[in-house]
Amino acid sequence: MSASATKQELMAEEDRLFTELLDLIEAMPADSVTAPGYFDEGWSAKDLLAHIGSWLAEAGAILERIRFGTYHPEEIDIDTMNLAFYEAMKDVPFETVLAQARAARSRMLHAWGSLEHDTPAADLWIRKAGPEHYAEHLPRLREWVAEVT
């Protein structure tokens, strides 16, 4: 398989899964989007979308660093970052969270498209923040949507 076919497949997978995630959240009754229950810890569907959007924003920033040659792989404390993202976004209204997630995704995709060459680090960040991350959360989101609709 060629590198461009692989990138095209990754782009298609990212788009398909992000679209499914948004479609599920947008199909929920408005009062259910912010209701706790998606996770036992009290997350709502809005919190999930804020989480996803925050990681998309992080990936966009990393891809820009890759593009300009300033990226240095570093150990990331995922739990600490997840907590920081949650604290930063927990009181943000759903409409703003939705706009942030869409904007962060757009920025990430633009940064990805701006790379002169694909790199293993860029592919890793796209997969981890995008399709792999969506796929990690979609099963529970499908269940949660079925519970509240």
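In this predicted model, the lining of the largest pocket is made up of 10 nonpolar, 4 polar and 8 charged residues. The pocket itself holds about 550 Å³ of space. It has 22 lining residues, and those closest to its centre are Trp55, Ile76, Ile78, Trp125 and Lys128. Four helices, α3, α4 (78–89), α6 (120–129) and α7, each supply at least two residues of this lining. Helix α3 gives the most, with 5 residues.

The axes of α3 and α6 come within 9 Å and cross at roughly 170°, and an angle over 145 degrees counts as roughly antiparallel. On the α3 side the contact is made by Trp55, Leu56, Glu58, Ala59, Ile62, Leu63 and Ile66, and on the α6 side by Ala121, Ala122, Trp125, Ile126 and Ala129. By class, this contact has 11 nonpolar residues, no polar ones and 1 charged residue. Trp55 and Trp125, both part of this contact, are also among the residues closest to the centre of the largest pocket.

From α3, the residues in contact are Ala45, Leu48, His51, Ile52, Trp55 and Leu56; from α7, they are His133, Tyr134, His137, Leu141 and Trp144. These residues divide into 8 nonpolar, 3 polar and no charged. Trp55 and Leu56 take part in the contact with α7 and also in the contact with α6.

How many cavities of 30 Å³ or more does the model contain? The count is 1, and the largest cavity has about 50 Å³ of space. Its lining consists of Trp43, Asp47, Ala50, His51, Asn82, Phe85, Tyr86, Met89 and Lys90. The elements giving two or more residues to this lining are α3 and α4, and α4 gives the most, with 4 residues. The lining divides into 5 nonpolar, 2 polar and 2 charged residues. His51 lines this cavity and is also one of the α3 residues in the contact with α7.

A search of the whole structure finds 11 salt bridges. In one of them, the side chains of Asp118 and Lys7 meet at 3.3 Å, N to O. This pair links distant parts of the chain: Asp118 lies in the loop between α5 (94–114) and α6, Lys7 lies in helix α1 (residues 3–27), and the two are 111 residues apart.

Definitions and conventions:
Residues are numbered from 1 along each chain as its sequence is written. This is a predicted model: local features need pLDDT of at least 70, side-chain atom pairs count only at pLDDT 80 or more; totals for chains, interfaces and linings use all residues. Side-chain values use heavy atoms; hydrogens and water are left out. Contact means heavy atoms within 4.5 Å. Ala, Val, Leu, Ile, Met, Phe, Trp, Tyr, Cys and Pro count as nonpolar, Asp, Glu, Lys and Arg as charged, and the others, Gly among them, as polar. On a 1 Å grid over the protein atoms alone, a cavity is a set of points where a 1.4 Å probe fits but cannot get out, and a pocket is an open set with protein on both sides within 12 Å along at least five of seven lines; lining residues have an atom within 4 Å of a point. Grid points are joined across faces, edges and corners, and a volume is the space filled by probe spheres set on the points. A salt bridge is a side-chain nitrogen of Lys or Arg within 4 Å of a carboxyl oxygen of Asp or Glu. Axes are lines fitted to C-alpha atoms, for helices over the stretch in contact, and angles run from 0 to 180 degrees between N-to-C directions.
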